[in-house]
Amino acid sequence: DGQTNQVVAPRILAIVNQKGGVGKTTTAVNLATAMAACKKKVLVIDLDPQGNASTGFGVPRKGRDADSYAVLIGEATIAEAAIETPVPGLEVVPASSDLSGAEIELVEMDHREFRLREAVVRHAATSPYDYILIDCPPSLGLLTLNALVAADAVLVPLQCEFYALEGLSQLVRTVERVRKALNPGLEIQGVVLTMYDRRNNLSDQVAADVREYFGDVVYRTMIPRNVRVSEAPSYGKPVIVYDMACSGSRAYISLAREVLTRESTLAANAFAA
Ligand code: ADP
Ligand code: MG
């Protein structure tokens, strides 16, 4: 009857910062959960060999046969590797320790920067997702490069600590280089301040510095340092499932609203261009 269910390709956000311990995985898991709570269909691709995002969703280590490594080397499709999480509407492509060799193996492969993008493009026509969030490892190596090439936009978590801005110029340069040579459409979705402690003057100073440096790119929402956020992964649950009322959960729900609002603006701009 001429009715077609047109599938819109998912928007892809890479969660990137080459520093470890700044809140990338926590943001990937909880932003994805909050977006799913906003009725979006979301996939998290765990691209860190440590597999913390997979663990954060309670995926057992031995349940990770078809993993992000298999997707990168073309042994599995995204549809084959995606598994359900306890959160309705949210799936994850888990990481296993196989991924730890990928950084080196990829060097030898054809289209080594494009492996994830090719998997995503192959998947796009039948994708059930509105958003794909990629949790990146703490480096700017080939895995992160694959994420930057596959992504529509980058989301950068920054920890509210003295060295927050250090290394950031390197990250910005990498994004520019990817934009010039590999992925001209790559945008910055935003910068999110994490582990904010309002009792600590340094947190406020860092937040002010980061806002001065990045302006409106920084989300108004700051993620507070909250013990519930750090406890939740040991139960294999996003904090929003573990304790919906805590300050960390409320912050991630507020962040999701900001991200989704920006997404509609970015989409409108892209349409106008
Ligand atoms: P990354 O992925 O960048 O290495 P993580 O998300 O794993 O960083 O966070 C590093 C550590 O800090 C983890 O132990 C995590 O539980 C903890 N953490 C992250 N965000 C918060 C927060 N808002 N409050 C308290 N602990 C946090
Ligand atoms: Mg991580």
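Predicted model: local features only at pLDDT ≥ 70, side-chain atom pairs only at ≥ 80, totals over all residues.
1. Strands β7 (187-196) and β8 (residues 218-224) pair in the parallel sense over three bridges; strands are DSSP runs of E of at least two residues, helices are runs of H or I of at least four, both numbered from the N terminus, and two strands pair if DSSP finds at least two bridges between them. Leu193 stands opposite Met222 in β8.

2. Residues are numbered from 1 along each chain as its sequence is written, and chains are lettered from A and ligands numbered from 1 in the order in which they are written.

3. Around ligand 1 there are 18 residues, of which Lys24, Thr25, Thr26, Val229 and Ser230 come nearest (near: C-beta atom, placed from the backbone, within 6 Å). Two or more shell residues come from each of α1 (24-37), β7 and α10 (227-231). The largest share, three residues, is that of α1.

4. The chain has 12 helices and eight strands. Its radius of gyration, taken over C-alpha atoms, is 18 Å, close to the 19 Å from the globule rule for 273 residues, so the chain is as compact as a globular protein of that length. The rule is 2.2 Å times the number of residues to the power 0.38.
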